[in-house]
Amino acid sequence: MSTPQPSRFTFTRRQSASNKTPRQINRNLVFNLVRTRQPLSRADLARVSGLQRSTVSLIVEDLIKEKWILEGSTGRPPRGRRPTFLELNHQRAVIALDIHPSQTTVAVTDLGGKIVAQNVVALAEDPNKAIQAIIASIRKLIAAHSDKSFDGIGISLPGRADPLLEKLIFAPNLKWPVSSIKSRIQRATGLHVEMDNVANACALSEVWFGDSDGLHDLVVVNVSEGIGTGIFANGQLLRGANGMAGEFGHVQMDTDGPLCGCGGRGCWETVSSNRAGLRYYQELSGIAPPQSFAALVKMAQADDVYAIKALEKMSSFLGRGLRMISSALAPSEIVIVGDITTAWYMFGPVVEAELKLNALSKEPRLRPSFEGNTARLRSAVALVMNGSLV
Ligand SMILES: [Zn+2]
């Protein structure tokens with residue numbers, strides 16, 4: 001019988017695999033420049049990136065060979081050699097799944113995370129029927145895009161699941177068992193499936209798509225039916241025992257607060273999630289809240305006084321919780337994901353004012369995700385692509 005490897009070796013191997021080398025960082029930079037500024041030439045890339053022409057050429061050849069990017073049209077300069085423009089390989093695509101308690105969005109996206117097509121599937125109470133509906137929707141999208149080659153399927157989940165056993169470990173807001181969803185979708189489609197907690201996936205996405213460089217510590221706070229946080233520290237996701245790191249949403253803020261899905265009372269998410277926003281609206285106005293949180297945000301944007309007050313209260317509690325994160329982890333950046341970011345110009349300042357009351361740690365940069373409320377779908381692309389580009 002062989003002796004089990006000492007755990008420190010595993011740890012070191014994992015560390016070196018997830019920490020990017022300068023070459024990988026440059027490769028990611030070049031890919032992201034093509035993604036955001038396509039079409040552009042090698043000379044443009046050298047100028048914008050500040051890298052040497054020869055370095056850019058080598059990276060571009062690699063990316064073309066691996067079918068990440070393509071040589072497209074040729075430019076017509078007034079004189080001199082015609083440059084060849086580079087663009088993303090739009091032939092390659094990913095299926096992205098964003099699971100919510102009552103519905104799932106199924107989308108086709110390109111390698112840059114751009115949504116090509118999407119369907120919203122209402123989830124039946126019966127988990128078997130729900131999974132069947134999701135699979136049918138995936139098949140329909142694949143058939144409608146038969147010109148594309150699919151790299152895989154990414155699933156972002158509002159809960160924590162054991163990646164190997166697929167056992168759902170913690171998902172207080174999900175009334176619906178997802179225990180076999182990964183293997184069932186894999187079997188039904190023949191595609192590789194990656195599944196992770198939505199906040200972890202969003203943290204990975206911020207790094208993968210180059211909005212953050214992966215060198216600085218970053219926390220993503222996903223504000224939805226509950227609150228989830230993904231922590232990217234020292235060049236990798238912080239997972240903790242059983243993958244449970246980052247459950248700040250279930251730290252108690254108010255001993256007399258509302259009952260939480262986790263069984264506790266007054267958890268941070270009970271006072272600052274979308275559900276709290278809807279509850280505040282009812283408490284303040286005395287009338288039933290709108291059907292969805294997105295509708296409440298629209299009401300606030302249309303100057304509904306109670307909607308504004310409800311969302312300000314929610315934002316203030318959100319900021320208070322961020323102080324706890326800031327003191328505990330001292331990240332360089334906190335990124336907010338969720339519908340609240342669609343009215344960030346109204347409520348961002350309320351969140352920021354609360355965060356700034358922190359006297360302990362250096363103030364982190366606070367920003368909404370650049371992708372607004374499609375960030376969750378794009379994060380599913382990052383799950384599939386993670387580890388394959390860099
Ligand atoms: Zn809780």
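## The chain as a whole

Of the 390 residues in the protein chain, 49% are buried, where buried means under 20% relative accessible area, exposed means over 50% and partly exposed lies in between, computed with a 1.4 Å probe on protein chains only. This is a predicted model, in which local features need pLDDT of at least 70 and side-chain atom pairs count only at pLDDT 80 or more, while totals for chains, interfaces and linings use all residues. Residues are numbered from 1 along each chain as its sequence is written, and side-chain values use heavy atoms, with hydrogens and water left out.

The protein chain contains 13 helices and 14 strands; these are DSSP runs numbered from the N terminus, with helices (H or I) of at least four residues and strands (E) of at least two. Among the contacts in the protein chain with a separation of 6 or more, 62% are made by residues 24 or more positions apart, a contact being a case of heavy atoms within 4.5 Å.

Cys 262 counts as partly exposed because its relative accessibility is 33%, whereas Cys 267 is buried, with a relative accessible area of 3%.

## Helix α9 and its surroundings

Helix α9 covers residues 274–285, and its 12 residues reach 17 Å from the first C-alpha to the last, close to the 16 Å expected at 1.5 Å a residue; the expected span is 1.5 Å times one less than the number of residues. The buried residues of α9 are Asn 274, Ala 276, Gly 277, Leu 278, Tyr 280, Tyr 281 and Ser 285. They are covered by elements including β10, α8 (268–272), α10 (293–301) and α11 (305–329). Just after α9, Gly 286 takes a positive phi of about 80°.

## Two aromatic pairs

A pair of aromatic rings is described by the distance of the centres and the angle of the planes. Rings of Phe, Tyr and Trp (its six-membered ring) pair if their centres lie within 6.5 Å, and planes under 30 degrees apart count as stacked, over 60 as edge-to-face and the rest as tilted. A search of the whole structure finds 2 aromatic pairs. Phe 31 and Trp 68 form an edge-to-face pair, at 5.7 Å centre to centre and with 80° between the planes. Phe 31 lies in helix α2 (residues 22–37) and Trp 68 in the loop between α4 (53–65) and β1 (69–74), so this pair ties together parts that are 37 residues apart in sequence. Both Phe 31 and Trp 68 are buried.

The rings of Tyr 280 and Phe 317 have centres 6.4 Å apart and planes at 25°, so this pair is stacked. It links distant parts of the chain, with Tyr 280 in helix α9 and Phe 317 in helix α11, 37 residues apart. Tyr 280 is buried at a relative accessible area of 4%, and Phe 317 counts as buried at 18% relative accessibility.

## Links across the sequence

Leu 377 lies in helix α13 (residues 375–385) and counts as buried, because its relative accessibility is 5%. Although Leu 377 and Thr 109 are 268 residues apart in sequence, they are 8.6 Å apart in space, C-alpha to C-alpha. Leaving aside neighbours within four places in sequence, Leu 377 is in contact with Ala 96, Asp 98, Thr 105, Ala 107, Ile 115 and Gln 118.

## Backbone details in the loops

A cis peptide bond, with omega about -5°, joins Gln 38 and Pro 39, and Pro 39 is placed in the loop between α2 and α3 (42–49). Lys 67 has a positive phi of about 65° although it is not a glycine; Lys 67 sits in the loop between α4 and β1 and counts as exposed at 53% relative accessibility.
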